[in-house]
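User: Please go through a pocket and some salt bridges of this model, with the cut-offs stated.

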Amino acid sequence: REDLDAVQRELRATAGVTALIFDQTCASEKRRRRKRGSLPEAPRRVFINELVCEGCGDCSTKSNCLSVVPVETEFGRKFAIDQSTCNVDESCIAGLCPSLVTVEGASTQRARTPLADDAAAAPQPQVPALDAPYGLLIAGIGGTGVVTLGALIGMAAHLDGKGATVLDMTGLAQKGGAVLSHVRLAPTQEDLHAPRIAAGAADVVLGCDALVAAGPEALATMRSGATRVVIDSTAAITGEQVRHPDHEFPRAAIERRLRAAVGAERLDVVDATRLTTLLIGHSLGTNLFMLGYAWQTGLVPVSQDALLRAIELNGVAVEENRRAFQWGRRAAHDRAGVELIALRAERLPDSRRASRDLDEVIARRHRELVAYQDERYAQRYADLVARVRTAEQRVGGGDRLAETVARNAFRLFAYKDEYEVARLYSDGRFAEEMQRVFGAGGRVHLHLAIPALARIDPGTGEPRKRRYGPWMLRTLRVLAALKRLRGTRFDPFGRAAERRFERALRDEYEADMQRIAAELRSDNLPLAIEIASLPERIRGFGPVKQRNAAAAHARHEEVMRAFERRPEPVAELA
C-alpha cells in the first residue's frame, strides 16, 4: 500500500490503457471476523508511547482512522489507540512520529470488574405496556453494533410473542458513518403497517452516538413532551477531528439541541463508553450497556428474559454482552455507585492526573527537566516562570499567564531530540504501560525515521520510517545515558538543522516572555496570554513540526505588534 502512489505515477507515464488491481479484505470486515472467531487474532498490535507523542495528530490524519483517539493529559493532548475498536491495518504507523510501535505475540489485557447479584444490583423495573405501536430509534455509527442492537430487540419481541419490524438505515456505516435503526413494536404483527418511524413518532431515541442522535434525521422523529432520549455522552471521534486533531467535540451544543427538541426532563445523559470500558474491559459492549440502561429505565417494552435469550441466540461474545446489559441496568438504578466502582477500576498513568494548582504544574515540569538534562537547566525554566508570575501579580492578573508560560515553556525546553526520545523509551514508564495494556511477553518493534538511514518519500517529501526490532530498545538505553552531550561541541546531533531550529524556538520564546514580563500591563494581559500559548500549536516531528511552527510564527508577528502598541492617551477636559 505504501507503494501505491509510486505505482500510479508509473502507470500514468505508460502509453495506452493501464489497470491497477489492489485486492485486500476490508480491515473493518477483518475486525468483525476476529470478533466472531472466524479469523485468528492479528499477529501485531499498534501502540502509542504517550510520553513521546506530541499530539500533532499526523498519525490520525494519515490513517483517517477513528480508533486513533485523543486523550487529555497533564502535558497536553496526546493520542492513543483504542485497542478494542482497532482494525489493526497499521495505517497509522505512517505518521511521522517515533511514538508508534508494534507489538508481536501479545494480546490486550481486559480488566473485568465482578458484577454483583442481578437482583441485589437493580430491582425489576416497570416495563411499559405495549397496547399500541411503539417506536424506538437507535442512533449510532457503523461498526459499533447498532444493527445488532436493533436485531436483538426485534428477536426479543418475537420471543415475547409480540410484533416487531426493524429497518436499518446504514448509509456509509462500514466507513464509520451514521446508522439509524428504526425498531417498531406492537401487540401483534398485524398492528404494524410501516417499518419506518414517522416524523414525531419516536417514543424513545437511544443515542449510542450523541452526534448522530442530534442529527436532522433523528431529530425529525422526536416530539417535545413525548419522546424520551438517552445518549452516550462520551466524545465520539468524528471525521472533522481526524482531519483537524484540535477540533473539540460539541458536547454542550448537542445537549442543548436535544433539550430543545424534547425538553430537559426527557433527556438522560450517561457516560456509557467510559463506564463500559472500565467495567467490562473494552468499549465494544457499550451499546448493550445502553440497552440495559434504557430497559431498566422502563423504555424498552420487552422482557429481560427475552433480551438475554436474544443475546444468547446471537452467539457473539454472549457472556460479555450479558454483563454489559446488567451493568447498564445497575447504572440506571444506582449511577453514583457504578461511577464509584468504575473509578476504583481505573488504572491510568500519572501523566493523566491533572495538577491541583500552579505550584504543582511547575514542580512536575521541574522534575522532568532535571531528568531531561540537569538541575541547572530545570532552574533556568523555573526562573523564567517566576519572573512572569511576579509581573502578572504586579498588574493584578492572577495566575493565568504564569500557568500558560509554565506549560508552554516546558514544551520548548523539553524538545524531543534523540536523547529525549531514547530516555522516554528507557526510563521504565513505557515498559509499565506495555505491561498494563498487553501483559507479559510480546516483542516490541519501533518505527523510526532516522535521518542518516531514512529515504525521502517522493510523493510526500517526508522521510520514510523503517522498522527496528527489540534490539533498538537496548540501543536507546545507551543513547539516553549520553544526554550530557546535548548542546556541547561533542553532540553528534546538535548541528542538525532540526536541532538548531528547536533551540532557536526555545530561546526566542524565553526572550519574548522576559520582554512581556517587563512590559506587562493590565490592558495587554490578554495579548500576552495569547503569545504565551502559541507553542501549543508547534507540535510534531520533522516537517510536521516545521509546518506547524510556520503557522504559529505568522500569528506571533501579528499579536506581538498588537502587544507592543501603546494605548492612546486620553485628552484631559478643560
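Analyst: On a 1 Å grid over the protein atoms alone, a pocket is an open set of points where a 1.4 Å probe fits, with protein on both sides within 12 Å along at least five of seven lines, and lining residues have an atom within 4 Å of a point. Grid points are joined across faces, edges and corners, and a volume is the space filled by probe spheres set on the points. The model is predicted: local features need pLDDT of at least 70, side-chain atom pairs count only at pLDDT 80 or more, and totals for chains, interfaces and linings use all residues. Residues are numbered from 1 along each chain as its sequence is written, and side-chain values use heavy atoms, with hydrogens and water left out.

User: What volume does the second largest pocket have?

Analyst: The lining of this second largest pocket consists of 30 residues, with Arg1, Glu2, Ala94, Asp457 and Arg464 nearest its centre. Its volume is about 1,000 Å³.

User: Which residue meets Glu510 in a salt bridge?

Analyst: A salt bridge needs a side-chain nitrogen of Lys or Arg within 4 Å of a carboxyl oxygen of Asp or Glu. Here the N to O distance is 2.7 Å, and the partner of Glu510 is Arg380.

User: Is Glu510 buried or exposed?

Analyst: Buried means under 20% relative accessible area, exposed over 50%, and partly exposed in between (1.4 Å probe, protein chains only). Arg380, at 30%, is partly exposed. Glu510 has a relative accessible area of 12%, so Glu510 is buried.
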